[in-house]
Amino acid sequence: MTNAATDLVSPTIGIPGGIVDEQTTLTHDDELSIGVEVDDAGEIRVLGEVTIHHVAALYVQLKAIALGHSVQASLNLSAVTAIDTSGVQLLVAFKRLHPGTVVHSSTHVVRQFLELVGMTTLLL
Amino acid sequence: MDPRVLTEIFLTESDELVSELEKSLVLLEDNPSDDEAIHRIFRSVHTLKSNAGMLGVEGLVRLAHVAENVLSKVRDHELGVDHFLITALLKSVDQFRSMLSCVAQGVPVELDASAAELIEAFTKYLEPLSTKAKPLPATTVNSLRILRIDMRFPEDVLLTGQDPSFLILDLTEVSDVLSVTANLDDLPDFSKLNPERCYVAWQLVIQTDRPQLEIDGVFVFVADSAKITITDITRSNSRLDELASKKLGELLIDEGCVRREDVAAALGQQKRIGQVLVDCGAVAPNAIERVLAKQRAARQIRRNTSIRVDTDKLDNLVNLVGELAVSLSHVSHATRDKSTDLTARLTALEALEQIGRELQSQVMSVRMVPIEETFGRFKRLARDLAHELGKHVVLETFGDDTELDKNVTEQLADPLKHMIRNAIAHGLETPEERVRARKGDTGRIQLRAAHRQGHVVIEVSDDGRGIDPERIHRKAVRLGLISERDRLSDRQLTELLFRPGFSTATEVNDISGRGVGLDVVRKNIADLHGHVEIDSTLGVGTTFRIKLPLTMAIIDGMSVRVGADTMTIPLTSVVELLSPRYSKVSTFEGKGELVDVRGEFLPVIRLSEVFEVANQSTSADDPTIVIVETSGRRFGVLVDRVLGMDQTVVKPLHKTFGVARRLDHNYQILEAVSGATILGDGNVALILDVPGIERMAFGDLQ
């Protein structure tokens, strides 16, 4: 049976609670940091796994950033290596806090997961 | 194609479909085994839905879709036809009409409370089908079906290592996932978020041919804690329709992008262009309302004026235009060629005139439509009213193919409705009364149409209790319309029923009921240059007879001169001509001038006084009294001279340049004129409105 979502996702490769692609898994092994950082231009970059194991810590970091951030934030998910339902919830809630936030991701991992769970509008 | 043209076509076709639907539903109720009627009904609803879908009329599509599902069961003999189902389907006809009216006026089509109730009622007819589908009988286990899956999880599901995304992933193994909709309505504000809890619910639509056990197996580990509902929607497929028909705001809520209250707040802020212009002071509020009212009226008129034309009629027109071109060429040649003698020139001209007359006749025939559609809509009215009043009624129609002007058929609908309502409500007896009167318990109403002597005659007959002239007499005396001593013929007495106010008596009986709205009926018919009369026999029944001109676009008129002006009196109103030389005109105090017509004194109106025209009659003029009749009243109209009789093309007054301007200063004069026409010499002649003159001269009641 054919399915667009199946074609996009590599279901056999992943970590508990999340889905990653082959390329990202290789970099993940190289002690990729997990967390949130804000660069000089004010862009918020989310790094590593955004899954049930890390969302509590990420929530605290995002909350701290949210307090002092402008309403026109930019959220870069290109360095996200794994994501699950809890991670998407967290990002959606953050985006709702600043409705003008632009969310983008240059890797497939986030896009594929959002397609699977019907929440692609996070990237709109 | 221009969207406006598309909308116009849609409205025209939909009107026909809805009329067909209504007619067939009433027939089906009378004969529930009429398979052909069932197929017609199904086709009408299906086509209506498809057309509405192409135009994006979502509300109509949704209602038609559910109705179609019910009709599909009727067609497959899974559902029987009864009074309640027919009533629900007829109510959907009303809803369709109301929605089409919105489309015509450019108003968004919304599903209101009554439409939602109808959808719910139809859904109940479908319920036995869905419950039957749930156990999935062995023969259908491997058939391709569409399932809707609703998933809601306990908040701590993520902490147990069970991410709902795994279930969706598993579903992709056993089905084609057609859509995934995440519901984030319960997601709290960021500040109140517990990121380890699950706030999302999902709705998926999948298509599969796998056994149900395999689908159920996906959820085996969450079956106890999560709420999973699987519904077979193969037949209704309503979710897909819902997806297709939802508005942007609803979709954004479903996708979790915004909250419901945010959409509501945004909609609250949304302003229409008119409001924006008013706010910035570019236009006054009353100007917006005036222009919108104008547009609504224009849309309505434009919709009403569209007409379907038989291609044979168009072919004839094209042929005639071809002949016209040839004939014009002959005339041109004969006129320019000096060698052509006068006889040949006249022959060419006569040929041109002949083609002109034929062309006029053919063009007029294009406007003619069968009265069938107008008659057809009353079957529903009779059915509903009879049921409401507990009477048994059969409505029969004759002469359905009788053609008359499109405008006339449209304006005729209201008066006919009044008469049919009166006939059912007051003319026909109850079944018990009819049995006592040794009649069948079912009353009969007949609508007849026929062409007679250049007119259309329409009759509304009932075989009810008839009208008692004695009762009318007593009532007229009580109302002070006549004295106790006055002796009126039966016809004169029934004429009283058309008097405004005659029906306002508190006494509720067959007489008072007969008067309801009849004054309005007579006025509407008079506006169509026709008249209405009543024949009634006590205990046997009543017939209302309407006589109308075939068309309102061209009338037979009598041209008369009044001062320096030429005016036209519609020939339908003219009874006879009298010369004052030989007829005695006398002046009575308080009654004005009266003319003695074979012992009957009729009032005389001088048109020169009505139109404030200076008397410029010459010695050659021969003053004439034209006796006219309208609404059962005769009176004389004094003119300077009768010029002759012609077919007159009626032009609306506003199109005839300065005439309206000239009359605008006097509203009363405007009431006496129904239009204007352009004479052969290029001058404009007013067409007189005889009922209007009557109203001006005698008032409504006197």
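## A charged network in chain B

Glu22(B), Glu29(B), Asp94(B), Arg97(B), Arg380(B), Arg383(B) and Asp384(B) are joined to one another by a network of salt bridges. As you look for these residues, please keep in mind that this is a predicted model. Counting every chain, the structure holds 33 salt bridges.

Start with Lys49(B), which forms a salt bridge with Glu68(B), the closest N and O atoms being 2.7 Å apart. This pair links distant parts of the chain: Lys49(B) belongs to helix H2 (residues 35-55) of chain B, while Glu68(B) belongs to helix H3 (residues 58-75) of chain B, 19 residues apart. Are these two partners buried or exposed? Lys49(B) has a relative accessibility of 17% and so counts as buried. Glu68(B) counts as buried too, because its relative accessibility is 7%.

Next come Lys313(B) and Glu403(B), whose side chains meet in a salt bridge (3.4 Å, N to O). Asp150(B) is partly exposed, its relative accessible area being 22%.

## Chain B as a whole

Chain B has 702 residues, and 42% of them count as buried. Its secondary structure comprises 25 helices and 22 strands. If you take the contacts in chain B between residues at least 6 apart in sequence, 70% join residues at least 24 apart.

The accessible surface of chain B is about 36,600 Å². Carbon and sulfur atoms account for 52% of that surface.

## Where chain B meets chain A

How many residues of chain B are in contact with chain A? There are 38, and they are in contact with 32 residues of chain A. Between them, the two chains bury about 2,900 Å², with 64% of it on carbon and sulfur atoms. On the chain B side, Leu169(B), Phe190(B) and Pro195(B) lose the most area to chain A, together 26% of what that side buries.

What about polar links? Eight residue pairs are in polar contact between chain B and chain A (both at pLDDT 80 or more), and zero salt bridges are found across this interface. Helix H6 (164-174), strand E2 (176-183) and strand E3 (201-208) of chain B each supply at least two residues of the side that touches chain A. Among the elements of chain B, H6(B) gives the most to that side, with eight residues.

## The nonpolar cores

The largest nonpolar core has 61 residues. Which residues have the most contacts inside it? They are Leu77(A), Met119(A), Leu171(B), Trp202(B) and Leu204(B). Apart from this core lies another one of 41 residues, including Leu17(B), Val45(B), Ala52(B) and Phe122(B).

Leaving aside its neighbours within four places in sequence, Met119(A) is in contact with Val88(A) and Leu114(A) from chain A, and with Ala182(B), Leu184(B), Val200(B) and Trp202(B) from chain B.

Technical notes
Residues are numbered from 1 along each chain as its sequence is written. Chains are lettered from A and ligands numbered from 1 in the order in which they are written. Side-chain values use heavy atoms; hydrogens and water are left out. A nonpolar core is a set of buried Ala, Val, Leu, Ile, Met, Phe, Trp, Tyr and Cys residues joined through side-chain atoms within 4.5 Å. Buried means under 20% relative accessible area, exposed over 50%, partly exposed in between (1.4 Å probe, protein chains only). Contact means heavy atoms within 4.5 Å. Helices (H or I, at least four residues) and strands (E, at least two) are DSSP runs, numbered from the N terminus. Accessible areas come from the Shrake-Rupley method with a 1.4 Å probe; for residues, only the protein chains shown count as cover. Buried area is the accessible area (1.4 Å probe) that two parts lose on being put together, summed over both. A salt bridge is a side-chain nitrogen of Lys or Arg within 4 Å of a carboxyl oxygen of Asp or Glu. A polar contact is a pair of N or O atoms within 3.5 Å; within protein, one must be able to donate a hydrogen and the other to accept it, and residues adjacent in sequence count only if both atoms are side-chain atoms.
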